[in-house]
Amino acid sequence: MMENKSKGEKTMREIEVSRITDAVERLCIEANEHLPEDVKCAIQNCRACEDGAIARDVLDHIIENYEIADREHVPVCQDTGMACVFLKIGQDVHLTGGDLTDAVNEGVRRGYEKGYLRKSVVKDPVRRGNTGDNTPAMLYTEIVPGEAVSITVGPKGFGSENMSAIRMFKPSAGLQGIKDFILETVETAGPNPCPPMVVGVGIGGTFDKAALLAKKALMRPLDSSNPDPFYADLEREMLKRINELGIGPQGFGGRTTALGLNIETLPTHIAGMPCAINISCHVTRHKTEVI
């Protein structure tokens with residue numbers, strides 16, 4: 001719906017938040033049942049390069065698993081994750097009909113109920129107690145130009161999330177400090193995040209922004225590169241060095257410890273160089289819809 005404006009005034013597009021609820025519901029189910037094509041291709045390419053019998057067998061089972069999930073419309077993994085929801089909201093959009101956060105959480109609730117997805121969220125980090133519907137979502141909003149809303153749902157399992165790390169480097173640590181930190185984090189994780197893993201790296205900003213950058217890096221296609229050639233080269237170098245660690249699929253050894261490594265950056269303070277590493281298993285799920 002478009003508001004009526006006098007001549008020369010810009011129109012504001014109205015979007016009912018119920019549409020966002022419906023989209024989030026669909027995306028929760030689809031993201032949990034279907035791996036992105038770039039992830040599937042990365043797994044298949046790694047399978048073709050493996051020369052160890054155990055590593056090949058593990059990757060064959062991983063491929064069989066996501067093919068069954070596609071065909072039978074069942075979750076790829078029993079850990080159907082905590083719903084991370086990224087909204088890019090056009091500045092020429094007016095959201096109507098209710099509270100945005102409530103609308104997103106209702107979509108998660110419906111999606112996890114309708115899709116028979118495991119409810120993994122607790123009410124309190126210390127005292128626990130399951131919320132029973134996988135809410136609340138981890139909601140991230142960004143205002144962008146335009147009159148559309150882009151919704152990305154990335155269910156995040158915690159076997160890999162628990163192996164993530166952040167470090168507040170001083171600038172004197174330099175590039176070598178970041179490289180060492182990436183390798184140290186992956187080597188410490190070992191088989192725990194169910195490799196082959198995907199590694200998201202966030203560099204810059206503040207303590208919280210670096211972590212968000214690392215999370216966003218996991219949402220980027222594995223067949224893409226950072227637009228800055230310096231960081232694109234660093235992505236390739238660190239992926240190669242991670243795979244030389246020999247941890248391999250499910251930790252049984254092999255050439256494939258990671259399927260991909262994406263780096264996202266932001267300007268930062270003269271006195272700091274924050275670096276966050278968000279690790280994901282091969283079930284790096286995300287699905288986007290624009291309304």
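The questions and answers below go through this predicted model.

Reader: How many residues does helix α6 have, and what span does it reach from its first C-alpha to its last?

Author: Helix α6 covers residues 174-189, which is 16 residues. At 1.5 Å a residue the expected span is 22 Å, and the helix comes close to that. From first C-alpha to last it reaches 23 Å.

Reader: Which residue follows α6, and what is its phi?

Author: The residue that follows α6 is Gly190. Its phi is positive, near 55 degrees.

Reader: Which residues of α6 are buried, and what covers them?

Author: The buried residues of α6 are Gly177, Ile178, Lys179, Phe181, Ile182, Leu183, Thr185, Val186 and Ala189. Their cover includes one helix and several strands. Those elements are α8 (229-243), β6 (165-169), β7 (197-205), β8 (258-268) and β9 (273-280).

Reader: Which element gives the most residues to the largest nonpolar core?

Author: The largest nonpolar core has 24 residues, and those with the most contacts inside it are Ile182, Val199, Val201, Ile242 and Leu261. Two or more residues come from each of α6, β7, α8, β8 and β9. The element that gives the most, with six residues, is α6.

Reader: What is Val201 in contact with, leaving aside its neighbours within four places in sequence?

Author: Val201 is among the residues with the most contacts inside the largest core. Leaving aside neighbours within four places in sequence, its contacts are Ile182, Ala214, Ala217, Leu261, Asn262, Ile263, Glu264, Cys275 and Ala276.

Reader: How many residues are in the second, separate core?

Author: This second core includes Val58, Val198, Leu212 and Val283. It is separate, and its residue count is 22.

Reader: Is Tyr116 buried or exposed?

Author: Tyr116 is found in the loop between α4 (100-114) and β4 (138-144). Its C-alpha is separated by 8.8 Å from that of Pro75, which is 41 residues apart along the chain. Exposed means over 50% relative accessible area. Tyr116 has 74% relative accessibility, so it counts as exposed.

Reader: How many salt bridges are found in the whole structure, and which residues are linked in a network?

Author: Side chains of opposite charge can pair when their charged atoms come close. A search of the whole structure finds 23 salt bridges. The residues linked in a network of them are Asp22, Glu106, Arg109 and Arg110.

Reader: How far apart are the closest N and O atoms of Lys119 and Glu113?

Author: Lys119 counts as partly exposed, at 23% relative accessibility. Glu113 is also partly exposed, at 38%. The two form a salt bridge, and their closest N and O atoms are 3.9 Å apart.

Reader: What separates Glu237 and Arg241 along helix α8?

Author: The side chains of Glu237 and Arg241 meet in a salt bridge of 3.7 Å, N to O. Glu237 is partly exposed at 29%, and Arg241 is partly exposed at 28%. Because they are four residues apart in α8, their separation is about one helical turn.

Methods
Residues are numbered from 1 along each chain as its sequence is written. This is a predicted model: local features need pLDDT of at least 70, side-chain atom pairs count only at pLDDT 80 or more; totals for chains, interfaces and linings use all residues. Side-chain values use heavy atoms; hydrogens and water are left out. The expected span of a helix is 1.5 Å times one less than its number of residues. Buried means under 20% relative accessible area, exposed over 50%, partly exposed in between (1.4 Å probe, protein chains only). Contact means heavy atoms within 4.5 Å. A salt bridge is a side-chain nitrogen of Lys or Arg within 4 Å of a carboxyl oxygen of Asp or Glu. A nonpolar core is a set of buried Ala, Val, Leu, Ile, Met, Phe, Trp, Tyr and Cys residues joined through side-chain atoms within 4.5 Å.
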